[in-house]
Amino acid sequence: MYNFQYHKPDSLDAAVTAIAGAEDGKIVAGGMTLLPTMKQRLAAPTDLVDLSAIPDLKGIGLDGDTLVIGAMTTHAEVAHSDIVKGHTPALAGLAEGIGDPQVRNRGTIGGSIANNDPTADYPAAVLGLNATVRTTKREIAADDFFEGLFTTALEEDELIVSVAFPKPAKAAYVKFPNPASRYAMVGVLVALTDDHVRVAITGAGQDGVFRASEMEAALSADFSPQSIEEMALPAESLNADIHGSAEYRSHLVTVMAKRAVAAATG
Amino acid sequence: MAPDGIGAPLRRKEDKRFLTGQGRYVDDFNRPGQAYAYIARSPFPHAGITGIDKASAEAMPGVLGVFTGHDLAADGVTGALPAGWMIHNRDGSGMRTPGHPILQTERVRYVGDPVAIVVAETLAQAKDAAERLEIGYDELPHVVGTADAAADGAPQLHDEAPNNTAFFWSLGDKDKTEAAFADAAHVTTLDIVNNRLAPNAMEPRAALGDYDPGMDQYTLYTTSQNPHVARLVMSAFVSLAPEHKLRVVAPDVGGGFGSKIYVYSEEVACAYASMKLRRPVKWTAERTESFMTDAHGRDHVSKAELATDADGRILGLRVRTYANLGGYANLFGTATPTYLYATLLSGQYIIPAIYAEVDGVYTNTTPVDAYRGAGRPEATFVVERLIERAARDLKMDPADFRRKNFIQPDMYPYETPVLMTYDCGNYPAALDEALKLADHAGFPARRAESEARGKKRGIGFSAYIEACGIAPSAAVGALGGGVGLWESATLRFTPTGQVIVNTGSHSHGQGHETTFAQLITSYLGIPTDQVEVVHGDTDKTPFGMGTYGSRSLAVGGSAIHKAAEKIVAKAKKIAAHLMEAAEVDVEFADGTFTVKGTDKSKTIQEIAFAAYVPHNYPEGVEPGLEESAFYDPLNFTFPAGVHIAEVEIDPDTGVVEIVTFTAVDDFGTVINPMIVEGQVHGGIVQGVGQALLENCVYDLESGQLLTGSYMDYCMPRADDVPSFKVGMVETPNPSNPLGVKGCGEAGAIAAPAAVMNAVTDALGVEINMPATPERVWQALATGPAAVAAE
C-alpha cells in the first residue's frame, strides 16, 4: 500500500467536497475490493474518502411500496432485515450469499454497485428488480446505471445515496459460485412484476451485468422453467477463464435461470 | 499401563497455546533494531539478465542495503541450492542438475525467481525501493507444459541439460514386462495427468536473519521442517557460514506439507544481509509470493498400462512418466518422481513384472519438490486408476478384482519387482472393513435413489500403499541419497524428576509434543504434563534429519525408545545400589524399580535425584541421568489401507458432491488415535482437493502463474467434504521397536484415486484431475473424445 490522505467526512456535502478536491481520489465504502487492491499496490489513490460516518447513507426503510436501502447499508444488515424479508425475500437471500461473514459485515450495497464488478451479486438485484439508484445529483434507472465492466453512469463527484426497489410479485436469485473465489460464475435474478418478467445475469457477461431479453419475453408469456428450457445465450458474448468456458457459462445461465424461476414460483 | 500413555486419545498439549494465539511462529519473532526485506523477483518466465543498477533503489528513503548474487559471491557465498538425490540415467550416466543459485545474476527461469534483496527500515520503504531497482531483462522463449518440455524445438532452460531433461531413469525389468504384455489377454491403458499443486501452508514462509558480530555467529529463525538439514545445506552447499557459526531456529511452524523441507533463497539472503548490515533482517512471504515460490507438488504426465490374463490376474504394469521439475532441480525434486514413486508401483498386488520410465524435465515454472506423499500419491494414482479401470474392462467387481490380486497376509516378507520388501500387512482385512463401513452392499439401492432424483452416483476404491520412515541409511545411499535418514533423541531427567526430550524431529502441526510425551509416559512412567518436548533449534537439539515422509514416529520415536532403554539401564544400576540388591533382581515397570520377591521399591524420580546428588552412589557409574540415541531404521515402513469414496453428480451443472468417504488404514501400532484420526482427516481433504478442486495453472502463452491467489486457486473448504468414516486395521510393524508405520500422508495418497474412481464410475467416462464442474459437464455433454483432446 502506498501512502494517501484519509478523509472521513460526516456529511454528504463534505464528502463531495473532499472527493472533488482530491487529485486522484477514491471513495471507500466497505473497502472490500479497494483495500485489497491498494494493499497489492495495484491502486494508488492520493486520497481516500471514507463514507462510514455519514448518517444519511445508512438505514433500510419503506417509502410506500418501495424499499429504500441506504448506500452504506451492509450486506449483513440487508440479509437480516425484516423489512427486506417482508418486501423482497430474494434480496435478503442474495445478500446472505455474498462472500463470507467478514465481507457481509463490511461490504455495502452502494460500494458493490458503484464498483460494478462483473461477478458481484448486487448488480443482478438492482437490474433485475428494476431498482432506481438515488445519488447526490439525480435518480438513475437501473437500465441506465450499469455501463460495463467496473463502469457506471456515476460521475466522479457523484455519490450513491440509496437504492430504491419496487416490490416484485415474485423474484428469486440463484447463483453458481466460482469454486475458488465463490463469486458468482453465473448469477441469475428473475423477477415478475405485473405481467412483465426481468432476467438479470451477473458473472457471465463480458460487459458485466445484463438482461436476457429473449428469456424475459418467453417468461413473460409463460413464467415456468420449461419456457426457457431450450434457450441458450450465445457464448460469444460471455466470459471465459480457467474455471469455465463461455459455452459452460452459457449452459449454466439457462440452468440457473430455470432454477430461479422454479424458486420464484415454488 | 499409564493412562496417558501409548494408545490414549490424549488431547494435544500444544493446542492451548495455538488456540489462544500464543504460538510463537517465525513472524512473531522480532529482534531489536530489526530491518525488513523485500525480494525483487523476475516478472518473466524466462529471460537473460542484462544488468542490475542498484543506485536509484539505494537512494530511496530508509534503504539500508540492496544485495544481488554478485554481492553474495564477492563475500564468499558462492554456493548454490543442491539437488540432494543423485539419479542415474538409463545409460548409467549421472543426472544433469546445474546449480540453483541463491539470487540470479545471469538468467531467470520462472516468474518469481529471486534476483535481489532490498532491505529498509520498513517493509513499505523496501517495497518502494524495489520498484526503483533497475533490472535489465532480455526475454527468452519459455516452456511451462510438462509434456512439451522435452519436445524438439522447445526453449532450453539449462545449457547443461539438453532437451530440458535432467534425467531419463528407469526401474524394473523391461524385457520381462514386455513379455508379460505380449502374453496378456487384456491390456488396460490410461493417459494420466497428475495435476500440479501449490502447498498452501497456513503460515507463509518467513525468515529472520540475526548476525552477532561479536561472536561472528548467525542466527536464522525460519519456517523449516528440518533445521539441522537447513544448517547443513547452508554451510556445506551454499557456503554461507560454517555449521558451528550458524544456528537455525524453527519454532512453531504453521504447516509445511513438504514445502518447508527445502532451503530457499530468502533464508540465505536474510542471514547474509544481516551480516552485511549488522542488523536483524526479516522477510515474510505474502500469500501470492507463497503461490509463486513455495515448491510445488506433483505435476506428472503418464501413460500407464496394466496387463491381465483371461482369469483376471495381473501379469504386468508399465508406465512412462514425464515429471516436471520446474526451473531447477530441488532438494528432493529428483528423488520424488523416481525412487519415491516407481518403487511403489506394485501397490498391494502381486504383479510379476513392472517397468517404469521417468523423464525428469525442466520447465519455466516454480521448482517442484516433495509435497505431502511425495511420489507415493502419484504411484497410487497410477496403480489404483489402472486397477479400477481394468476391473471395469473385465466386467469384474472392483473389490473382487483387488482381492484376487492382493498380496496375502501369509506372504511377508514380500519382495516386489521394484526394490521394496513389504514386511507386514493385511490388505484383505482392510478391504473387508472398508466395505462394511461404507455399506458397499447398499450401494445399488443408493444409486437407484440418486437416479430417481436425476443425479448420477458412483463409488470408487483406492487400496493404497506407501513407504514411510525412510529408511536404512545404507539403502538411501545406495539409491543416490545424499544423506543418512536416521533420527536422534536426547532424554534428560531433571533432578526433580521431569523429563526433557530433545528430538531431531520437527513438529509443524503433527502433535509431537503430545505423542512423544505419551511414549515417555509408557516407557518411563512420567506423566505427560511433566514431559517437555524440545525441537526446532540447532542449539538445543541433537543433529536430526527433521520431519517429512511420515517418519517422525517410526524413526524419531524409535530414537526416543532407544534413549529410554539406556535411561532405564543406567537407572537400574543406581536403583540396585540404593536398594542393596543385585542388578539382575531389579525390575522396572510404570516408573518404579522393585526388587524381585521383596517390597523394596524406588521411583524413577528418586533415582533421578540420586543421580544428580550422588552421595550414595554405585561405583563406576557416572552422575546424571541423560541419554542420547541415534536410530537408523531397518526398513521402510509400509502403511496401507483401503479408502472408498461415494459421489453424486449433478448432471445439469457438473458439480461433484462427495456423499461419503470411508478410510480404513493400517498404521501399525497407534500411539494417539485422536491425533491419527486428525492426520487422516487432513490428508483426505488434501487428496479431495487434488481430485476435485486444486490446480496450479501456468498460462502457456505468457508463462505467468494464473492461480496466484485464492481467487483462482481452489482450496478445499469444510463444506466441500462430508464427515469421514474412519476405521483401523493394526498389523504391528516388525521393523521398529514401536510397531508403528506413520500416518501423516495416507489420506493425501489414497483419496485422489478413490474420488476419481467414483467420479468415473458415475460418469462412465475417463476424466483427469481436478474433476471441476466444467470438466464433468463437458464429459457428460460431449463424451470421452473431447475430454481426451483437452
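What follows is a conversation about chains, domains, a sheet and a strand.

Me: What should I know before reading the numbers?
Reply: This is a predicted model, where local features need pLDDT of at least 70, side-chain atom pairs count only at pLDDT 80 or more, and totals for chains, interfaces and linings use all residues. Residues are numbered from 1 along each chain as its sequence is written, while chains are lettered from A and ligands numbered from 1 in the order in which they are written.

Me: How compact is chain B for its 790 residues?
Reply: The idea is to compare a radius of gyration, taken over C-alpha atoms, with the globule rule, 2.2 Å times the number of residues to the power 0.38. For chain B the radius is 27 Å, close to the 28 Å from the rule, so chain B is as compact as a globular protein of that length. Its C-alpha trace spans about 85 × 75 × 50 Å along the principal axes.

Me: And what is chain B built from?
Reply: Helices (H or I, at least four residues) and strands (E, at least two) are DSSP runs, numbered from the N terminus. Chain B has 20 helices and 30 strands.

Me: How many residues of chain A touch chain B?
Reply: A contact means that two C-beta atoms, placed from the backbone, lie within 7 Å. By that test, eleven residues of chain A meet 14 residues of chain B. Helix α11 (residues 246–265) of chain A provides the largest share of chain A's side, four residues. For the classes, Ala, Val, Leu, Ile, Met, Phe, Trp, Tyr, Cys and Pro count as nonpolar, Asp, Glu, Lys and Arg as charged, and the others, Gly among them, as polar. Chain A's side has seven nonpolar, four polar and no charged residues.

Me: Which domains does chain A have?
Reply: The bounds come from an automatic or database domain assignment. That assignment gives domain 1 (5–50), domain 2 (57–165) and domain 3 (170–265). The centres of domain 1 and domain 2 of chain A, taken over C-alpha atoms, are 19 Å apart. Eleven residues of domain 1 of chain A contact 13 of domain 2 of chain A. On domain 1's side, α1(A) gives the most, five residues, and the classes are eight nonpolar, three polar and no charged.

Me: What is the strand order in the open sheet of three strands in chain A?
Reply: Two strands pair if DSSP finds at least two bridges between them. Here the order is β1-β3-β2, with parallel pairing. β1 (5–7) and β2 (25–28) of chain A are at the edges with a single partner strand each, so one side of each lacks a neighbour in the sheet. Three bridges link β1(A) to β3 (residues 47–50) of chain A, and His7(A) lies opposite Val49(A) in β3(A).

Me: Where does strand β10 (residues 160–165) of chain A sit, enclosed or exposed?
Reply: A residue is buried if 20 or more other C-beta atoms lie within 10 Å of its own, exposed if 12 or fewer, and partly exposed in between, with C-beta atoms placed from the backbone. Five of the six residues of β10(A) are buried, so this strand is largely enclosed by the rest of the structure. β10(A) pairs antiparallel with strand β5 (residues 66–70) of chain A over four bridges, where Val163(A) is the bridge partner of Ile69(A). Four bridges also join β10(A) to strand β6 (residues 132–135) of chain A, again antiparallel, and there Ala164(A) partners Thr132(A).
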